[in-house]
Amino acid sequence: MAAAPQSTAAMQAEVIREGELEKRSDSLFQLWKKKLVVLTKDSLSLFPDGHKRAKGKELGFGSILKVDCVERTGKYIYFTIVTKDRKEIDFRCPDQSCWNASITMALIDFQNKRAIQDFKSRQEMEQAAGYQ
């Protein structure tokens, strides 16, 4: 799944957290590359070389299934974001930064809000059908 270019709406969204993460490349050598990351209530945006001026990639929470495979070593926390089309994107962050927890909490909040909206929509449709 290719991430969409950074949208103006996402850039204006309330930032929960901003900082640096390392992402494992998809190349043969699987090198770790530093990314500037912006976490909002709806997405995780990744910018190359630590510059928001550069074209970023946005991972919308609607396309993310879960944060998985959390592993702690002495220096880093390694974790994987799994998308709904089963693509796995590997990240690592310094042990004390807890980026994985921030992303997980934002994702859970997004999924809870989506579930409540879906439930309310179903209720409204059932009520409308009952009145006809």
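**Figure 1. Contacts and overall layout of the chain.** Among the contacts in the chain with a separation of 6 or more, 39% are between residues 24 or more positions apart, where a contact means heavy atoms within 4.5 Å. The model is predicted, so that local features need pLDDT of at least 70 and side-chain atom pairs count only at pLDDT 80 or more, while totals for chains, interfaces and linings use all residues. Residues are numbered from 1 along each chain as its sequence is written, and side-chain values use heavy atoms, with hydrogens and water left out. The secondary structure comes to 2 helices and 8 strands, in the order β-α-β-β-β-β-β-β-β-α from the N terminus on; helices (H or I, at least four residues) and strands (E, at least two) are DSSP runs, numbered from the N terminus. Of the 132 residues in the chain, 33% are buried, and here buried means under 20% relative accessible area, exposed means over 50%, and partly exposed lies in between (1.4 Å probe, protein chains only).

**Figure 2. The largest nonpolar core.** A nonpolar core is a set of buried Ala, Val, Leu, Ile, Met, Phe, Trp, Tyr and Cys residues joined through side-chain atoms within 4.5 Å. The largest one holds 20 residues, of which L21, L44, F79, I81, W99 and I103 touch the most other members. Two or more residues each are given to this core by β3, β4 (43–48), β6 (64–72), β7 (76–83), β8 (88–94) and α2 (99–131), and the largest share, 5 residues, comes from α2. When residues up to four places away in sequence are not counted, I103 touches L21, L39, L44, F61, V67, F79 and I81. In soluble globular proteins, nonpolar side chains tend to be buried together.

Figure 3. The structure holds 0 disulfides, a disulfide being a pair of cysteine sulfur atoms within 2.5 Å. C93 counts as buried at 1% relative accessibility, whereas C98, with a relative accessible area of 32%, is partly exposed.

**Figure 4. The loop between β2 and β3.** L31 lies in the loop between β2 (15–24) and β3 (32–40), and L31 counts as partly exposed at 49% relative accessibility. Together with L28 and F29, L31 forms a nonpolar patch on the surface, with about 410 Å² of accessible area.

**Figure 5. D95 in the loop between β8 and α2.** D95 lies in the loop between β8 and α2, and with 15% relative accessibility D95 counts as buried. Leaving aside neighbours within four places in sequence, D95 is in contact with R72, T73, G74, K75, Y76 and I77.

How values were computed. Patch = residues over 30% accessible without salt bridge, like charges linked within 9 Å, V, L, I, M, F, W, Y side chains within 5 Å. Areas by Shrake-Rupley, 256 points an atom, 1.4 Å probe, with all protein chains shown as cover. Salt bridge = Lys/Arg side-chain N within 4 Å of Asp/Glu carboxyl O.
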